[in-house]
Amino acid sequence: MSKMRAMVVREAGGKLQLEERDVPQPGSQEACIRVHACGVCHSDSFVVEGHMPGLAYPRIPGHEVIGVIEALGAEVRGWKAGQRVGVGWFGGACGYCGHCRRGDGFACENIRGATGITRDGGYATHMLALASALVHVPDSLDAVESAPLLCAGITTFNALRNCGAGPGDLVAIHGVGGLGHLGVQFAARQGFRTVAVNRGRDKEALARSLGAHDYIDSAATDPAAALQAMGGAKAIIATVTNAAAMQAIAGGLGVNGTLMVIGAVGALTVDSLNLLGKRAAVKGWYSGTAADSEDTLAFSRQNGVTSMNEVFPLEEAQAAYDRMMSGKARFRVVLKVGS
Ligand SMILES: [Zn+2]
Ligand SMILES: [Zn+2]
């Protein structure tokens, strides 16, 4: 039986450890993917640190995967061995439950959970995925460069296209980091008047080079007041991982504005007076389905949106993870696995 290598978390709070295993056989609805690259995402800390109830170990993290189909289960239709594919956070959908039938497959009632969280992910040479989770990846996209588009990319792209703003509307990208550096590119290319918001001026030049029309230093100025001075934001895409920072910018919403929460920060306090008088809203956003990932890849390719990455070999996944958690990576961290 052929062997695979994986970087495994054996227990909550444990280090990523190299293991050799048998390559798994795909179930009837699954594909076995030979992994070329996998992004390292802040959400991987749910598994590594055990910050989510009910997780099972050992577990292989990783939900920004690009590779090629090596084998298919007997009942898979529409895919063939050798095809380039990706897998994101979305773990698949049944297609027949109430939510799937209404176009909300992200909330499938039968297939719950997420890649690299409740099933093994892409910190490995091989992984299994349900066929309904597979993403077509164009040949022209490089695996290492593009892997982060399958989480950081889709999440910002999809939140922006569902935020209620139209071309020319004021949209703030809160946080210029792993998510935000992509969010700025997508917002500008989707036609919004794009304002980047970050602490300090370090990232201003970069944010402007990525397409931001304006920049707010949230350490030196009240970001809510600054957005109000510009007329109020139609949407704020909150990518930060700090609840206090998110609360401080919520008052920058304009009439009918929406705060799109995509950073996981736990409990959030928002002044109701900042919402009701303006008919403003706070809304969570799930990254998206396999089809949303394909839209993200196609849009990125057509409009030159790229992720800035630091690349590590698979066996250095622990160093890669530590670098990501340090907050110092510019801006995403990617494991180069194979070819
Ligand atoms: Zn992620
Ligand atoms: Zn379903």
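Where is the place of Cys-151? In this predicted model, you'll find Cys-151 in the loop between α3 and α4.

Set aside the neighbours within four places in sequence, and Cys-151 is in contact with Cys-41, His-63 and Glu-64. Another residue to look for is Val-40: its C-alpha atom is 9.7 Å from that of Cys-151, although the two residues are 111 apart along the chain.

Now for the metal. The zinc ion (ligand 1) is coordinated by the SG atom of Cys-41, the NE2 atom of His-63 and the SG atom of Cys-151, at 2.0 to 2.2 Å. Read along the chain, these donors follow the spacing C-x21-H-x87-C. Cys-41 sits in the loop between β3 (30-40) and α1 (45-49), while Cys-151 sits in the loop between α3 (143-146) and α4 (152-161), so the pair ties together parts that are 110 residues apart in sequence. Like Cys-151, Cys-41 is buried.

Next, follow the chain into α4 and look at its partner. Two packed helices are described by the angle between their axes and the distance between those axes. For α4 and α5 (residues 180-189), the axes come within 9 Å and cross at roughly 40°. The two helices are therefore oblique to each other, and their crossing is right-handed. On the α4 side, the contact is made by Ala-152, Gly-153, Thr-156, Phe-157 and Leu-160; α5 brings Leu-182, Gly-183, Phe-186 and Ala-187. Sorted by class, that gives six nonpolar residues, three polar ones and no charged ones.

Conventions
Residues are numbered from 1 along each chain as its sequence is written. Chains are lettered from A and ligands numbered from 1 in the order in which they are written. This is a predicted model: local features need pLDDT of at least 70, side-chain atom pairs count only at pLDDT 80 or more; totals for chains, interfaces and linings use all residues. Side-chain values use heavy atoms; hydrogens and water are left out. Donors are N, O and S atoms within 2.8 Å of the metal (3.2 Å for Na, K and Ca); water is not among the atoms, so sites may look incomplete. Helices (H or I, at least four residues) and strands (E, at least two) are DSSP runs, numbered from the N terminus. Buried means under 20% relative accessible area, exposed over 50%, partly exposed in between (1.4 Å probe, protein chains only). Contact means heavy atoms within 4.5 Å. Axes are lines fitted to C-alpha atoms, for helices over the stretch in contact, and angles run from 0 to 180 degrees between N-to-C directions. Angles under 35 degrees count as roughly parallel, over 145 as roughly antiparallel, 65 to 115 as roughly perpendicular and the rest as oblique. A crossing is left-handed if the near helix is turned anticlockwise from the far one by less than a right angle, and right-handed if clockwise. Ala, Val, Leu, Ile, Met, Phe, Trp, Tyr, Cys and Pro count as nonpolar, Asp, Glu, Lys and Arg as charged, and the others, Gly among them, as polar.
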